[in-house]
Amino acid sequence: MPENEKALELYLHIPFCVQKCRYCDFYSAPADKEERTAYVDALLAHLRHSASRCRDMRVDTVFFGGGTPSLLSGKDFFDLLDCIRQNYQLSKDVEISAECNPESAAPALLASMREAGVTRISFGFQSLSDTELALLGRIHSVKNAISAFGAARAAGFGNINVDLMFGIPAQTPDSFGKTLDGVIALAPEHISAYELRIEEGTPFFRSQKDLPLPDEDATCDMAKLLTDRLSGAGYRHYEISNFAKEGFACRHNLGYWRGVPYLGFGPAAHSFWGGVRFEAPPSKEAYITAVRAKKWQDIEVNAHRIGGKEEMDEYVMLRMRLAEGVDTQDFSRRFGCDFETLYHPDKVLFDGGFLQKTPQGVAFTERGMRVSNAILSDWLDFGGNKDI
Ligand code: SF4
């Protein structure tokens, strides 16, 4: 049986935020209790509707992402997870993650989430400097972050992720080092770290000339500090932006990178099903209206079947994000052609210490991972221009 043939992942988007962070271009907005209830009802109806297409599938992971899932109530988590258990077949060791903003992750809520079946918490810390948090427009403080982490441990969570950012306004390699030390001292099982990107349409984009952003050298120093310090503390750099203690890689995200099908629920949520990618429009009002009217076609738009060269490029791009890289035999089995012939990775990249041969095929080195975006875009364009 091909790898992951029967596995399925569910993503539930919770599009609420108390206020927008200044760098954020995700779809989210404030909502009152009434709107949240209407939204959860729509998610429940959508989950029940989609179950019929998943009869022979096994749900391996569920991910509550946002937005801010910790703005849901404990009862909402119970209702949503009960609905999933009643309508879908779940793996015995299903991974159920929920993103939490430290400001809204109250001890009672964390205890309810645990009781409802959530197995993994992902905290959006971003920084352990109150100055940097304020510049980002985050609503939480360092104190909130530390106490939320302690509350999650007290609630019984043994699998916690902390999200960090680097290259942010007012940050220096020294202040980033302090953030890393503070996070390592908490000993989460997983750490994700992303370089700040200034996205169009955000307050940061409009005021970028005035932002005290670190220069390119300082940001490169931070990227190196990140990998050095985390590997020294026993975290494996298993994906470009992700580090985990042994056995704690995020299974949900691994599924995305390995091509496991997933269904997204909620506005702006993406799905990959039967080789087709589709998404829901980014409006919670439109989502609720379509679900109430059972106009399912309105929440499955921009459908695009992935096949041929595009599928191969996507396979290479996603696998190369991982430390394990591309398994060339798996590539041949799936696509009936030889990876080396089609993509012939440049010798210069091996000689320069960016790529390495592995027992399975080819992967980035630690150095290559830091510049992987630039290498992949050149490389895949080159591969894409070749005749098969
Ligand atoms: S909490 Fe997350 S989703 Fe909400 S505005 Fe901030 S970055 Fe965006």
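Helix α1 passes helix α10 in a left-handed crossing; a crossing is left-handed if the near helix is turned anticlockwise from the far one by less than a right angle, and right-handed if clockwise. This is a predicted model, in which local features need pLDDT of at least 70 and side-chain atom pairs count only at pLDDT 80 or more, while totals for chains, interfaces and linings use all residues. Residues are numbered from 1 along each chain as its sequence is written. Helices (H or I, at least four residues) and strands (E, at least two) are DSSP runs, numbered from the N terminus.

How do the axes of α1 and α10 cross? They come within 9 Å, at roughly 50°, with α10 covering residues 284-292. Axes here are lines fitted to C-alpha atoms, for helices over the stretch in contact, and angles run from 0 to 180 degrees between N-to-C directions. The two helices, α1 and α10, are therefore oblique to each other. Angles under 35 degrees count as roughly parallel, over 145 as roughly antiparallel, 65 to 115 as roughly perpendicular and the rest as oblique.

From α1, the contact takes Ala 38, Tyr 39, Ala 42, Ala 45 and His 46; from α10, it takes Lys 284, Tyr 287, Ile 288 and Val 291. Two residues are in contact if their C-beta atoms, placed from the backbone, lie within 7 Å. By class, the contact of α1 with α10 has seven nonpolar residues, one polar and one charged. In this scheme Ala, Val, Leu, Ile, Met, Phe, Trp, Tyr, Cys and Pro count as nonpolar, Asp, Glu, Lys and Arg as charged, and the others, Gly among them, as polar.

I turn next to α2. The axes of α1 (residues 33-51) and α2 come within 9 Å and cross at roughly 10°, and α1 and α2 are therefore roughly parallel to each other. Val 40, Leu 43, Leu 44, Leu 47, Arg 48 and Ala 51 of α1 meet Asp 76, Asp 79, Leu 80, Cys 83, Ile 84 and Asn 87 of α2. Eight residues of this contact are nonpolar, one is polar and three are charged.

Helix α2 (residues 74-87) also has α3 (residues 107-116) beside it, with axes that come within 8 Å and cross at roughly 10°. That angle makes α2 roughly parallel to α3. Here the crossing is right-handed. Gly 74, Phe 77, Phe 78 and Leu 81 of α2 make the contact with Leu 109, Ser 112, Met 113 and Ala 116 of α3. Six of these residues are nonpolar, two are polar and none is charged.

Two details of the backbone follow. Most residues other than glycine have a negative phi, and most peptide bonds are trans. The peptide bond from Gly 66 to Gly 67 is cis, with omega near 15°, and Gly 67 lies in the loop between β2 (58-66) and α2. Gln 126, which is not a glycine, has a positive phi of about 70°; Gln 126 is found in strand β4 (residues 120-126).

Which residues surround the ligand? They are Cys 17, Lys 20, Cys 21, Cys 24, Phe 26, Ser 28, Gly 66, Gly 67, Thr 68, Asn 101 and Gly 124. A residue is near a molecule if its C-beta atom, placed from the backbone, lies within 6 Å of it. This shell divides into four nonpolar, six polar and one charged.
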